[in-house]
Each structure stands twice: as structure tokens, then as C-alpha cells.
Amino acid sequence: MKQWHPDPEPIKTNDVAAVGVGTAVWAVALVVLLIFRPAPENEWWIWTCVTGVAFGFLGMWMVRRPRDS
């Protein structure tokens, strides 16, 4: 029989910084791709980076807004 243990306390993290780092990585990749243009069949890479940056800003807004609960 398993012994019951209480749930651990949540780890305090800086969510905005974590999302910001990911957004910055997408932005750097976008700049690199804009400097060294990919072959025409690989231009979707640029739009992938644009989407990553856009979702990163959305994610920063989501983790900054106050929680209702």
C-alpha cells in the first residue's frame, strides 16, 4: 500500500523571463534568416520565426496579466 505524501509547494519561477528568452531566440533566428536569405522553397522558415515571435509576445502578455482566482 502506498503511503500518502502531501503535494509539494509550487516552484516560484519568472515566467515572463522564460517566455522572453524563447521569443528572443525566435527573433535572432528571424534576423539571421533575413540576412542570409534561404532558398525560395525554404522561405517558410521566415514565417515560422515570425509566428514564434508573435506567439512569444502573446505568451508574455498572457503570463503578465493578473489572474482572476
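This is a predicted model: local features need pLDDT of at least 70, side-chain atom pairs count only at pLDDT 80 or more; totals for chains, interfaces and linings use all residues.
A pair of aromatic rings is described by the distance of the centres and the angle of the planes. The count for the model comes to one aromatic pair. Trp44 and Trp45 form this pair, with 6.1 Å from centre to centre and 80 degrees between the planes. The arrangement of Trp44 and Trp45 is edge-to-face, because the angle lies over 60 degrees.

Helix 1 covers residues 15–35, and helix 2 covers residues 44–64. Their axes come within 8 Å and cross at roughly 160 degrees. Helix 1 and helix 2 are therefore roughly antiparallel to each other, a description used for angles over 145 degrees. The crossing of helix 1 with helix 2 is left-handed. Sorted by class, the residues in the contact of these helices are 16 nonpolar, six polar and two charged.

An unreviewed UniProt entry lists residues 16–38 and 44–63 under "transmembrane region". The table gives computed values for both spans.

| Span | Helix content | Strand content | Distance between end C-alpha atoms |
|---|---|---|---|
| Residues 16–38 | 87% helix | 0% strand | 31 Å |
| Residues 44–63 | 100% helix | 0% strand | 28 Å |

Terms used
Residues are numbered from 1 along each chain as its sequence is written. Side-chain values use heavy atoms; hydrogens and water are left out. Rings of Phe, Tyr and Trp (its six-membered ring) pair if their centres lie within 6.5 Å; planes under 30 degrees apart count as stacked, over 60 as edge-to-face and the rest as tilted. Axes are lines fitted to C-alpha atoms, for helices over the stretch in contact, and angles run from 0 to 180 degrees between N-to-C directions. Helices (H or I, at least four residues) and strands (E, at least two) are DSSP runs, numbered from the N terminus. Angles under 35 degrees count as roughly parallel, over 145 as roughly antiparallel, 65 to 115 as roughly perpendicular and the rest as oblique. A crossing is left-handed if the near helix is turned anticlockwise from the far one by less than a right angle, and right-handed if clockwise. Ala, Val, Leu, Ile, Met, Phe, Trp, Tyr, Cys and Pro count as nonpolar, Asp, Glu, Lys and Arg as charged, and the others, Gly among them, as polar. UniProt positions are given in the numbering used here, feature names are shortened, and annotations may be inferred rather than shown by experiment.
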